[in-house]
Structures are given as C-alpha cells and as structure tokens.
Amino acid sequence: MALLKTFKSIANYFHEIYDGVASLLRGMKVTGKYMVSPGEVVTQQYPENRATLQMFDSFKGELVMPHDENNQNKCTACNSCARKCPNGSIEVISARVEGEDGRSKRVLDRYIYHLDMCTFCGLCVQACEEGAIEFSQEFEHAVFNRDNLVKQLNKPGSTAKPSSE
C-alpha cells in the first residue's frame with residue numbers, strides 16, 4: 001500500500017514537470033514566431049510614432065470636462081464624483097445663486113482635478129450621472145513643476161447647460 005502511494009506521488013511529480021515544460025514551450029512558440037517574422041511585431045515604437053499613435057478606447061488618460069460651443073458644460077455640482085474618488089483627487093467648489101423662480105440653487109464655481117493624486121480608477125466617471133466628465137486620450141504628463149498637475153477643468157466663464165436639454 002505504501003509502495004503504491006510512493007509510485008503515485010512520483011508519477012504525479014513527473015506529470016507536473018511535463019505540464020510545466022509544455023506550458024513553457026507554448027509561450028516560447030509565440031516568442032519564436034515574432035523573432036523569425038519581425039514584420040508582425042505589435043510593439044509601439046514610441047516616441048518615433050507620436051503623430052500616428054492611437055490609444056485604445058478603454059484607455060484612461062487625463063480627466064476632462066467637455067464644453068460645447070456656447071462654453072456650457074453638463075456639471076450640476078452634485079459632488080458625486082468627488083465622493084466616489086478614493087483618494088480625493090477631485091474638488092467640486094460650488095456657489096449658491098438665486099434662480100429665476102426666486103429659489104437658490106447650487107452651480108459649479110470651480111472643478112479642480114489633482115492629476116498628481118489620481119489613480120485613474122474611473123470611479124468618478126462612472127459616478128457622474130450627467131456625463132459631465134470623461135477620460136481623454138492624453139497620456140504624456142511629465143512636468144518639472146508638480147503644481148502644473150493641478151488643473152481646473154471647467155473653463156473660465158462656463159455655465160451649466162439648462163436641464164431641459
């Protein structure tokens with residue numbers, strides 16, 4: 001009985017070695033294919049191809065707030081994006097103004113984005129029910145001064161789009 005158990009463990013040992021070598025060879029097959037036919041290499045030659053470089057649609061670059069031709073954005077200053085941000089890289093500064101009906105309402109004053117603290121998780125974009133913020137395809141963020149990574153996303157003088165649209 002003990003001898004049978006020993007043979008099974010030895011057989012299992014060699015079977016695991018076989019599986020490991022087979023897995024290694026499958027991976028090396030892909031590497032070897034690219035080595036003998038370099039025209040099929042999919043590596044991007046950055047920065048030489050900077051003009052033609054296309055990022056994937058799911059790429060999360062820099063956070064932006066789109067504005068229309070009338071300098072209007074969709075942000076309602078609800079602060080849901082800032083609450084969802086796990087590290088506080090978004091500050092929504094709102095102001096109270098009196099509306100046409102005499103009631104005060106909250107409007108966006110400044111939308112501050114701390115790119116230096118952002119982890120590009122995308123929770124802020126998912127939390128925004130208005131679709132006021134989105135990720136751009138911008139990926140080059142090297143700066144000499146860290147203060148340049150703090151950005152105001154709403155343009156000066158911008159207003160919120162009316163809710164009827």
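Asp-101 is exposed, at 54% relative accessibility (exposed means over 50% relative accessible area, buried under 20%, partly exposed in between; 1.4 Å probe, protein chains only). The model is predicted, with local features requiring pLDDT of at least 70 and side-chain atom pairs pLDDT 80 or more, while totals for chains, interfaces and linings use all residues. Residues are numbered from 1 along each chain as its sequence is written, and side-chain values use heavy atoms, with hydrogens and water left out.

**View A. Asp-101 and Arg-103 form a salt bridge.** A salt bridge here is a side-chain nitrogen of Lys or Arg within 4 Å of a carboxyl oxygen of Asp or Glu. The closest N and O atoms of Asp-101 and Arg-103 are 3.3 Å apart. Arg-103 is exposed, with a relative accessible area of 60%. By this rule the count comes to five salt bridges.

**View B. Lys-151 is joined to Glu-62 by a salt bridge.** Their closest N and O atoms lie 3.0 Å apart. This pair links distant parts of the chain, 89 residues apart: Lys-151 is in strand E6 (residues 150-152), and Glu-62 is in the loop between helix H1 (2-36) and strand E1 (63-64). Helices (H or I, at least four residues) and strands (E, at least two) are DSSP runs, numbered from the N terminus. Glu-62 is buried at 11% relative accessibility, whereas Lys-151 is partly exposed at 25%.

**View C. Asp-68 and Lys-161 meet through their side chains in a salt bridge.** The N to O distance is 3.9 Å. Asp-68 lies in the loop between E1 and strand E2 (72-73), and Lys-161 in the segment after strand E7 (159-160), 93 residues apart. Lys-161 is partly exposed, with a relative accessible area of 27%.
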